[in-house]
Amino acid sequence: MLLELSPDQEVLREATARFLADRVPADVVRGLRTNAAGFEPGYWRDGAELGWTSLLVGEEHGGGSVSGTGLVDLTLVAHEFGLRSAPGPLTSTNVVAATLAEAGGAHPAQASALGELLAGTAVASWCLGGPPPLDRLGSTGVSYRVEGDGLVLRGVARPVEAAGQADHLLVTAHGELGLTQVLVSPGATGGTGATGGTGDPGHAGLAGLAIEPLRTVELNRRFATVRFDDVHVGLDQVVGAVGEAADQVERQLQRAIVISGAEAVGAMQAAFELTVRWAFERYSYGRPLASYQALKHRFADLKTWLEAAHAISDAAAAAVDARSPEAAELVSAAKSYIGDNGTELLQECVQLHGGIGVTYEHDLHLFLRRGTVNRAMYGTPAEHRQRVAGLIEHRKEQE
Amino acid sequence: MTPSPDQESVEDFRARARAWIRANLAPLVTNEKTGVMRARLTDAEELAEVAREREIQRMLFDAGLAGICFPRVYGGQGLTPAHQRAFNEEITGYEYPARIQAPTFSPCAAVLLEFGTDEQKLRHLPAILRGDEIWMQFLSEPSSGSDVAGVLTSAVRDGDDWILNGSKIWTTGAWWSDWALCLARTNWDAPKHRGLTVFILPIRQDGVDVQRIEMLNGNKEFCQEFLTDVRVPDSDRVGEVDDGWTVGTRWMFHERMLHNSPFVTVPAGWSYGGVDATFLVDVARDAGRLDDPRTRELIGEGRVIDLVREALQGRIGRGIASRRMPDQSAAIGRLFAGLSSTRVTSMAFEIAGSAGAAWASDDGSVAECGNDFLLRQTTCIGGGTTEIARNVISERVLGMPREVAMDRDRAFRDVPRGGSGR
């Protein structure tokens, strides 16, 4: 997280921190394990009032950042989410809202969807990725074909965050005209989502669409497989233009990695603080763990990883927000570094705790879960390192 | 540092620096300075490069670009760290006085600025900024590396002078340098940290015998000095008598701040003599492994490390400047720099394949990767070991209990000592 916040940013951070402390303390987070949606609709609506879903959307569309750098503002919220392993589809909803706003809300249905996301009365999912062998960075398992005056979607997207709770699915599909994105309402003939979704398996209201829940390491986040079996959509559901979504998708990927990365850094921070406290309180052989040099040196390494994770997370957020030419590289650097060192830090925290660290009663696993999900989603650290290699090779060729 | 209204804006300064750099400095030949302490120059070539760096420093001084964060009264520009960062970005890819940055500007000049008398500052800081004085730190000794306060070099008062005897080691390039900042023991009856005093002295004088040390790859830039009855006037003492550790603590801080110091020019993305880890692309190409997925992952990792290190150093610099991080957080940057550098050296060796063991001089970028690997640990040793950095982080940043020390609260002359070797 940024070291220095503007007064407005501090208000946003503080309000989110207080709200989460009040609404989702650790025992509530544990209790959400059995909640089908993973969060309460009222919780999300109230959070949206604090600005959780408005920061990437321009004022002309009813949103607004607090500092002029909305993605940076959003990382402050995400960091607080990570500190408490808070529930709610923060990443997917914001990513979809940003794209809808940038596409201009030309179609009334898209404008109204955006309004619901801003108000927190609906949440959104992004259908990217697919089953193996399409489980690769940037791959999509869904294709489209042009038919009549619309498109027909076919294929499988997974894992899709909050698909069972979402009122709006942004689907990234490949086809002969190029990448295309469409906005689909799974409950077109019946209500689901934040207004009362259950995440039950089976078919949604829309013909040809099926949403099947996946098992997950998260306690309060839900993931699903979304199947498209000749789902017919109209051209008014296309976000932007047919065949021209490549830039949109890249921006979405960058934003998703920035948001979930900031959350993972929050989880690292919380676990690290918990473990430092433990090292001072826990005595073995008549002295605190914190007095053993073998352990002190490991804490020094962890502190270094933690500060480095903060730094690259913030650098990536600023670059994406500013649309800097370095954004793609910094985002992949953040994903690679936070993915690897974040989960390593969390596992080291487990090791430094001993057996208590892998029990359900202890809080540590709440953070381990979040770091683990962040590492696995939106491309593995190794895939992002390969991506970086391609970027610098390309740049060197141009020099 | 609050910018004053008449101060040159960062963007104006950047534009001025850019124009001057492009008009006056030569672009670097890609990767000519890659590697770890490569023995790439003859003595004559080394001296020619030193002379060129002094010349560039003088040109920077004349152009109003030297000592960006040094006060104007000492010949600096009186600008801000943001100006220095802009300069670092603009000079990337061009020749610059690399040898004069550390230890001359930081820690030596930074320590003088903080603790020197007006007379000392006026005499030396403008000379440093003009490239007339290159400084060394006479700090480490053959018998004390990490335990830097355990110095045995003695300074004995003699009228208005001090007489210094002892040996210092691990100075990079003392054989072509001018002045030294020297930590010496002035009181053997006080505990270790309370009997030290800091002096400044010219290197080129009778009584200072500079010997070059041959590293395992043939590089001879590191030196050891033998001081025999070196006379130093009391006016060349820095700080109070027996209070050298007050100076020394800040000295260590400025040393750890190297990559982040507002007094030092470090090209953006710096890691290997001004060349960033994208040199791994060249190694991979010349090793014929550019299409190997495992190699591509290493290339990516090298770049990731560069980007993270740069972001981390920026965060630490801002954190310390705004007092949101303790000064001792500089050790975090030092630890990361050491570990990341050894990692990239290992990756280059890995990518080079069998050329890491034996190579021809026309093999291109794979050449010398094996020798770099042999010298890999130098970046975790020089400038304070990574072990000491870990102690500092755990004890001074995280507040964990200090290590038991056998040398506290007893006269230094009674502290047990082992044999003295390098």
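How many salt bridges does the structure hold over all chains?

Mentor: The structure holds 68 salt bridges over all chains, a salt bridge being a side-chain nitrogen of Lys or Arg within 4 Å of a carboxyl oxygen of Asp or Glu. This is a predicted model, in which local features need pLDDT of at least 70 and side-chain atom pairs count only at pLDDT 80 or more, while totals for chains, interfaces and linings use all residues. Residues are numbered from 1 along each chain as its sequence is written, chains are lettered from A and ligands numbered from 1 in the order in which they are written, and side-chain values use heavy atoms, with hydrogens and water left out.

Start with a pair inside chain B. B:Glu95 forms a salt bridge with B:Arg52, and their closest N and O atoms are 2.6 Å apart. This pair links distant parts of the chain, 43 residues apart: B:Arg52 belongs to helix α2 (residues 43–62) of chain B, and B:Glu95 to the loop between α3 (81–91) and α4 (98–115) of chain B. Helices (H or I, at least four residues) and strands (E, at least two) are DSSP runs, numbered from the N terminus. B:Glu95 counts as buried, at 14% relative accessibility, whereas B:Arg52 is partly exposed, with a relative accessible area of 25%. Buried means under 20% relative accessible area, exposed over 50%, and partly exposed in between (1.4 Å probe, protein chains only).

A second pair in chain B is B:Arg130 with B:Asp132, whose closest N and O atoms are 3.0 Å apart. B:Arg130 is partly exposed at 25%, and B:Asp132 is partly exposed at 39%.

B:Asp327 counts as partly exposed at 24% relative accessibility, and B:Arg250 is partly exposed at 22%.

In chain A, salt bridges that share partners join A:Glu10, A:Arg13, A:Glu14, A:Arg18 and A:Glu80 into one network.

Next, the interface. The rule finds 10 salt bridges across the interface of chain B and chain A. A:Glu393 forms a salt bridge with B:Arg296, the closest N and O atoms being 2.7 Å apart. The contact takes 40 residues from chain B and 40 residues from chain A, where contact means heavy atoms within 4.5 Å. The two chains bury about 3,500 Å² between them, 66% of it on carbon and sulfur atoms; buried area is the accessible area (1.4 Å probe) that two parts lose on being put together, summed over both.

Now the nonpolar surroundings. A nonpolar core is a set of buried Ala, Val, Leu, Ile, Met, Phe, Trp, Tyr and Cys residues joined through side-chain atoms within 4.5 Å. The largest one has 138 residues, and A:Tyr43, A:Trp126, A:Leu153, A:Phe228 and A:Ile312 have the most contacts inside it. Helix α7 (residues 246–281) of chain A gives the most to this core, with 18 residues. Apart from it lies another core, of 67 residues, among them B:Leu25, B:Cys108, B:Ile200 and B:Leu227.

Leaving out residues up to four places away in sequence, A:Tyr43 touches several residues, including A:Phe19, A:Trp52 and A:Phe81.

The C-alpha atoms of A:Ala48 and A:Leu117 are separated by 8.3 Å, although the two residues are 69 residues apart along the chain. Not counting residues up to four places away in sequence, A:Ala48 touches A:Thr53, A:Ser54, A:Leu118, A:Ala119 and A:Gly120.
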